[in-house]
Amino acid sequence: MIKKSIALILIAILFVAIFFTLANDLPFGDNRTTTGVSDKYIYHGVNDTGASNLVTAIVVNYRGFDTLGEVTVLFVAATGVGAVLYNMGRPAGKKRKKTEASLIVRTGSRILFPMMLLFGAYIFVHGHLTPGGGFQGGAVIATAFLFKYVSDTRYHIDHNKFTATESVVGMTFALVGIMGLLLTGYFLFNFLPNGSPGELLSAGIIPIIYVAIGIKVGAELTGILDNMMEVEQ
Amino acid sequence: MVNIDPTLMIGIPLFMGFLIPSVAIVWKNSPRYLAGFTILFNLIASTLLLIRSLNAPVISVLGGWQPPYGIVFVAGPLGSMLALLISSMTMLTWFYLPPHIKEGNETKFYMLFILLMAGATGMVLTGDLFNLFVFTEITSIASFSLLAYSRGKDEKEAVEATIKYMIIGSLSSAFFLIGIALLYGATGTLNMADLASKIPSANHNLVMMALAMIITGLGIEAEMFPLNGWTPDAYTGATHPVSVMFASVVVKAGFFALIRVVFLIFGAATEALQILMIFGLLTLFVGESSALRQTDLKRMLAYSSIGQMGLLLVAFSLNNQTALVGGLYAMLNHAIAKGLLFMAAGSFIFALGTRDISALNGMGKRMPVTSALFTIGAFSIMGLPFFGGFISKIVIIAGSMQAGTEGMLVAILILSASLIELVYFLRVVHRIWMREPEDDSRLKEAPFTQMFPMIVLAAFVFLMGIYPQAFFKVLIPAAQELLRGLGTMIGGA
Amino acid sequence: MILTIAVAILILMMMVFAVYSVETKDLLYAVVGTMAVSLIVSILFYVLQAPDVAMAEAAIGAGISTAVFVIAIKKTERYEHD
């Protein structure tokens, strides 16, 4: 009890301190495009990168290296989930037993599954044109697989195929970076033509990277779900 | 002279990390060789980088966007020295690995192993604050996963340590991220050099809050005192090579990130240095006195490692060139000697099957070579003459003498902490050589592949004690780099 | 004006759900609470003209992570003990 109240008091003090500093000192809502780096992104982003979606331009082109890192973070985290759950009482060959899903769920998932995959793919293919991108599209794809798991108790993914897919798309991203280095001397340099902004085939390397990320994120999140589903209680 | 772009030191390991799982489907034994090849590449690249960066800092722009708009890699003598340390420790640990990995786990283990190296290398080379965060994430998540993979007999213990580390580690990255967001809000930029030039004119309250957040976040990685609850469990729960990686790579990279933020971005903010000094002294004493009480060999080494991190914090917060050189020397020495100690301890525990210190009685007769190597590492951490630790402590104390009366006090405290260190390490060494073993049988020494990294590390410990000038050649420019700050290095870009 | 009021109501609801999901002993309800928080945050992101983040938050915060939590609860226990 004493421990808890001390903790609460500390949190309260921290909250008040942070809240008032932020309320007083954070230049919230001001026009700050002249002070930092943002004016360059906002006024030159479309010309520089050829992507109509500025967020994508920053995430994949200006700061593409961070994105490569974030993809790796997710990759490592998915592996980590597998690591924690590894051998945690999963008897070999034993399938998970569950009550069969109802007819409505089964039929619905059969119809919706391809649509959800398509929607996910749409999001990441159009990452440089419309809001969304690889991470969002990948998450939607993983949701589609989640649907499969919920509706069909016998469904499970082919691990080798998923691993191979993940590897290939991950390597594609890294290879695009290395190719930039070989061709121009800069890692992850946009070595393809920008094209005209607004068209599907524009923005240089962005579509390639976003398709790779989309597939990779989808495969990884599905892998996490699969790992969780397969563990015995 | 071949020039290897520093970004390849990240690009190649990431590529290989993605490649390994799919090759392993076809060729089961490949992960070990692919990982070895990658580490070798990084070792060569970082050696070349260190030679180049001694003349002028190597700057590599990512994606062709000039800073502050894009991400930039800045490899000064300090960064490249640490990159070399990271890749060489990883290489030596790679030799040490085989019997300590659980069957069936090799693929993912090696993948995580090289990604850990890539993350740590990125942490020391990047010149962009958010990029530093990304690499910190890679490093810490790879360490959680390695910890989880490495369980042997004590499955439950390792999983518990993993969950603990994972929760604390997520808090750490949350704090770090909020700190970065606040800094970006106050200055509108993320490039370290640009931040350094804009911080003096930014809102002081915001900047200080950001600094507090970042110190909290990175302090967890650097085992700073109130934030190091994960450390003993993680070191004990992990398999021996992973403990080596924690002590020599993960914690060093985290500590270096902390130092870089405080010195390079905040221009050695005095407020921060005072706090670091106090926490450093606390870390030193809490670590050393907890180590005194341990009966578990690896736990003792873990607490000793916390104590050493405290010593480093104290050395750096003295903020003069001598102390910085001493701190860097201690950092190198600790990475090398603690790596050696964890490896030797791993061999003991592997042969004995227990982590209890009392089981070490008479090990000098039962495993003479490993015992000798363990003793060398222990002597160096204690700071006996002719070993690296001696030089580092002398230089740190010389540095603290320059800081006036306050420095005197610090010097006395460092010396008394060394005394505690002396006691608990001598106790173990005494057991190893002086006590009669209960069971006289010779134990099998580790095979040569495992002995080799230990011998290399022991040789370096000696070299650091006998011929420190060679190391000062790199460390003095490195310390000057820290004191000068980033602004002059990239020409204020 | 109406937007401001709507946003204020959303923020209020978000806080209520957040406190609820911390306080409730039924973990399944807590998960639903966090899902509601994510959903509201996602709407707020959209209102603040950040559709990219809104999509990510909706797909991951309200979708996948809820599923992961529910699976975890199913494999362990539903009620929190003191």
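Visitor: How many Å² do chain A and chain B bury between them, and what percentage of that lies on carbon and sulfur atoms?

Guide: Chain A and chain B bury about 4800 Å² between them, with 72% of it on carbon and sulfur atoms. Keep in mind that this is a predicted model. Buried area is the accessible area that two parts lose on being put together, summed over both.

Visitor: Which chains have the most contacts among the pairs that touch?

Guide: Two pairs of chains touch, and the most contacts are between chains A and B. To that contact chain A gives 54 residues and chain B gives 63 residues.

Visitor: How many salt bridges are there between chain A and chain B?

Guide: A salt bridge needs a side-chain nitrogen of Lys or Arg within 4 Å of a carboxyl oxygen of Asp or Glu. Between chain A and chain B the count is one. The side chains that meet in a salt bridge are those of Arg63(A) and Asp128(B), at 2.5 Å from N to O.

Visitor: Which helices of chain A supply at least two residues each of the side that touches chain B?

Guide: Those helices of chain A are H1 (2–25), H2 (38–49), H3, H4 and H7 (159–184). H4(A) provides the largest share of that side, 16 residues. By class, the side of chain A that touches chain B divides into 29 nonpolar, 17 polar and eight charged residues.

Visitor: Now chain C. How many of its residues are in contact with chain A?

Guide: In chain C, 13 residues are in contact with 19 residues of chain A. The two chains bury about 1500 Å² between them, 74% of it on carbon and sulfur atoms. On the side of chain C, the residues that lose the most area to chain A are Asp52(C), Ile64(C) and Lys75(C), together 42% of what that side buries.

Visitor: How many salt bridges and how many polar contacts are found between chain C and chain A?

Guide: The salt bridge count for chain C and chain A is zero. The rule does find three residue pairs in polar contact across this interface, with both residues at pLDDT 80 or more. The side of chain C that touches chain A has ten nonpolar, no polar and three charged residues.

Visitor: How far apart are the nearest C-alpha atoms of chain B and chain C?

Guide: They are 15 Å apart, and chain B and chain C do not touch.

Visitor: How many helices and strands does chain C have?

Guide: Chain C comes to three helices and zero strands. Its pattern along the sequence reads α-α-α. The C-alpha trace of chain C spans about 45 × 25 × 10 Å along its principal axes.

Visitor: Which residues line the second largest cavity?

Guide: From chain A the lining takes Asn61(A), Tyr62(A), Arg63(A), Gly64(A), Phe65(A), Phe187(A) and Leu188(A), and from chain B it takes Leu62(B), Gly63(B) and Ile71(B). The elements that give two or more residues to this lining are helix H3 (54–62) and helix H4 (64–85) of chain A. By class, the lining has six nonpolar, three polar and one charged residues. Arg63(A) is one of the lining residues, and its side chain also meets that of Asp128(B) in a salt bridge.

Notes: Residues are numbered from 1 along each chain as its sequence is written. Chains are lettered from A and ligands numbered from 1 in the order in which they are written. This is a predicted model: local features need pLDDT of at least 70, side-chain atom pairs count only at pLDDT 80 or more; totals for chains, interfaces and linings use all residues. Side-chain values use heavy atoms; hydrogens and water are left out. Contact means heavy atoms within 4.5 Å. Buried area is the accessible area (1.4 Å probe) that two parts lose on being put together, summed over both. A polar contact is a pair of N or O atoms within 3.5 Å; within protein, one must be able to donate a hydrogen and the other to accept it, and residues adjacent in sequence count only if both atoms are side-chain atoms. Ala, Val, Leu, Ile, Met, Phe, Trp, Tyr, Cys and Pro count as nonpolar, Asp, Glu, Lys and Arg as charged, and the others, Gly among them, as polar. On a 1 Å grid over the protein atoms alone, a cavity is a set of points where a 1.4 Å probe fits but cannot get out, and a pocket is an open set with protein on both sides within 12 Å along at least five of seven lines; lining residues have an atom within 4 Å of a point. Helices (H or I, at least four residues) and strands (E, at least two) are DSSP runs, numbered from the N terminus.
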